[in-house]
Amino acid sequence: MNKIKSASIFIKLSIFFISVLTFLNSSSFADIFTDQIEIIVSNAPNFIAGNEFCPGKDLLYLRLTDKTKANNGTIDNMSVRLISAQGADSEDVDLTETGENTGIFQAAKGIIIVSARPIIQDATLQVAATSDTITIVYNLNSRSRVLATLNTLSEVNNLSVNPDSLLQTAGKPFKVEITARDARGNIVSGYCGTVNLEINYISPKIGTKNISPQNTANFFNGKAEIFATYSDAGIIKIIAKDKNNLFGESSPITFLPARFKLGAQAKQVAGKPFNLTISALNQNNEIVSNYENPAFVMMYLSPKIISKKKIKFDKGVAIVDIVYNNWGEKRFMACDEKYPDVCGISERIFFGPYRFGIEVVAPPAGRDKFYLEELFNGKVTVYDYQGYKISDYAGVVAFKSDKEVALPDKYFFDWRYQGRANFSISASTEEPFRIEVYDEQFPQAKGESKIIQTLSARVKLEKISQKGGKAILRIKIEDKNGKVIVRDNSTIFTVRFFESLPDNSASLTGEEKVTAKRGIADIVIIDSQSETVIVNVEPEPYLEAEPLDITFR
C-alpha cells in the first residue's frame, strides 16, 4: 500500500520553508505575500501532525494560514492544487476561511489518496503504484506558487511471512520475518503498521493453541523480525493481517514435539502385555494435543523394534500394548517415524518371571517313596506369562517347605543355564510335603512341586546258613515295622568285611557290589581259617545298617 507521511515525521517533504512556509516581504511579491504563510498536512481533522497516510484508507487534511486575508472583514475562499507527477492526476482542493479575519483556511473534507485506480472520483487523487511525488500549489491572485512536494512510497500490496525454518519445535522460540511488499514484490520500506498474527490450522484442521506474540508493530525499513512461539504440534500456516486487511500467509510449518515421555509401572511380568504410555511434549514439558504422527517403540540401545503396529496418538498421548518376554532391567525408546530425532526414553523397567515349574525325579526302580535322608534331585524351570521358558533368566531363587526338608538356601541362576537349573534335597520327616520356589526380587513369581513322600528304612544283615568255611548272608531293606520293602529294586550294597586274623583267608564268592531285588540281596563269604569275620554293607542311597559277626571254625 502506498503511504504518504506527514511533513514533521513520516512524509518526505521538500518545501521551500521547513514546516512553516514563510515568504519574506519584497517589492516583487508585495502584492501577493505580505506576511507569513504556513501549511499543515495531517490525516486527522484536528490537524495533529505526525500520523501516517495510507492511500485508499486515510484522508489527507490541509490547513493553510494566509495572514494577508486576515483583515478584509469577510470570510474568504481559496484553493490549492494537488498534483501527482507519476499518476498523471491533479485535484483542486477548496479551502474556506474558518471565520472573519482569521486567515486560516481548511478543506470541508479530506482528500483520498489512491494508486492505480480505474475510476477517479472527486476528492480523490491518483498516484502511481510505485514511488510518486505530490506537489501542493497555492493559487493567489492568478499567481501560483509551490508550497510543498510530498514524496509518496509504493503502496503495500501484501505481507510476506517467512519463518527461519519450516520445521520447528513446539514451544521453542523461532524467528519470523514479516515484510511489507508492493504489487511487484518490492519491499515497501515506509510501512509501519501494526500486524496481527493468527493461525491457519492445516493438519489437524482444528486446534486450541495460538501463536505468541499475537501482534507486532516493530517495522523498520518495511520489515519486522519477531521471535514467535507456538506451543502445539502439527502443521500450520502463520497469517499476518493489519487493520486495513493487508494479508500474508507463510508456507506450511511443521511443529514437532520436543521429546516423548514414556511411562509404565516399574515392575512387569515377562511375556505379559502391559501399557506403555507415550506423551508428546513441547519445550515446556506440556502435552502437544495436535500431535498425530506415527511413531515406533524399540529397545533402548538396541535395533530391535518392539511394537510393529502403527502407534496412533490421541490428543498428544498414545497407549501402546507392549510384550517383552525376557528377564531383567530394560528401557524403551519411542521415536517419530518420519523424524527419528524426536525421541523419548523410559525409566528402567524390571521384567520378572511369571512362574516356576518344579520337577522332582521319581524314586528309582519302582519305588514310590524316597527314603529319609536320601538325597534326590529336582529341576527348576522359569517361565514367562505365555508359558515360554525365559532363557536369559539370571535371578536368585529361594526354596521353602513347611516340613523338615534339607533345602538349598538360595540358588543363583546364570543366563548360561538357559532358564533351567538342577537342585538336590533330602527330607527327615515321613510326612508328605511340597517344595516351593520363588524369585527373591519378584516374590509373586513362584512354583510348587507335586506331593513328595518319604519312607523310614534300614538295612539288616542276617545269616541264612553256614556250613564249614562257607556262610550265606542275606541283606534286607526293612521299614520301621520290620517289613521288607519289596518295591526296592535299585539300592546298591557295597560289601565290606574284616578278619580277626588279617591273613586274607576270607573272601566273597561274587562282586563286592550287589543290587537289591524286591528289597533283598544274598552274598556268600568263605573262609579257610578259623576266625571271626565282621561283615558290613554300605547302601546307596545311604541307609542305616548294622554289621554282622560270623565265626568260622
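Which residue in β50 is the bridge partner of Arg458? The bridge partner of Arg458 in that strand is Glu544. The report below sets this pairing in the context of the chain.

**Basis of the model**

The structure is a predicted model, in which local features need pLDDT of at least 70, side-chain atom pairs count only at pLDDT 80 or more, and totals for chains, interfaces and linings use all residues. Residues are numbered from 1 along each chain as its sequence is written, and side-chain values use heavy atoms, with hydrogens and water left out.

**Overall composition**

The protein chain contains zero helices and 51 strands. Both kinds of element are DSSP runs numbered from the N terminus, helices being H or I with at least four residues and strands E with at least two. Of the 553 residues in the protein chain, 45% are buried; buried denotes under 20% relative accessible area, exposed over 50%, and partly exposed the range in between (1.4 Å probe, protein chains only). Among the contacts in the protein chain with a separation of 6 or more, 60% come from residues 24 or more positions apart, a contact being heavy atoms within 4.5 Å.

**Strand pairing**

Strands pair if DSSP finds at least two bridges between them. Five strands form an open sheet with mixed pairing, in the order β46-β48-β44-β43-β50. Because β46 (506-508) and β50 (544-545) each have a single partner strand, they stand at the edges, and one side of each is left without a neighbour in the sheet. Strand β43 (residues 457-467) is joined to β50 by two bridges, and the two run parallel.

Strand β36 (residues 396-400) is mostly covered, with four of its five residues buried. Three bridges connect β36 to β38 (residues 410-412) in antiparallel fashion, and here Val397 stands opposite Tyr411. Four bridges connect β36 to β40 (residues 436-439), also antiparallel, with Ala398 opposite Tyr438.

**Aromatic rings and charges**

The whole structure holds 21 aromatic pairs. Rings of Phe, Tyr and Trp (its six-membered ring) pair if their centres lie within 6.5 Å; planes under 30 degrees apart count as stacked, over 60 as edge-to-face and the rest as tilted. Tyr411 belongs to a cluster linked by ring pairs, together with Trp327, Phe350, Phe356, Tyr393, Phe413, Tyr417 and Phe442.

Two arginines sit over tyrosine rings, as tabulated. The criterion is that NZ of Lys or CZ of Arg is within 6 Å of the ring centre and within 35 degrees of the ring normal.

| Charged residue | Ring | Distance from ring centre |
|---|---|---|
| Arg355 | Tyr383 | 4.3 Å |
| Arg367 | Tyr371 | 4.0 Å |

**Gln168**

Gln168 lies in strand β14 (residues 167-169). This residue counts as buried because its relative accessibility is 9%. Its side chain makes a polar contact with the side chain of Asp164 at 2.7 Å; such a contact is a pair of N or O atoms within 3.5 Å, where within protein one must be able to donate a hydrogen and the other to accept it, and residues adjacent in sequence count only if both atoms are side-chain atoms. Leaving aside residues up to four places away in sequence, Gln168 touches Phe174, Ile253, Thr254, Phe255 and Leu256.

**The disulfide**

One disulfide is found in the whole structure, defined as a pair of cysteine sulfur atoms within 2.5 Å. Cys335 and Cys343 form it, with their sulfur atoms 2.3 Å apart. The torsion about the S-S bond of Cys335 and Cys343 is about 105°, so the disulfide is right-handed. Cys335 is buried, at a relative accessible area of 3%.
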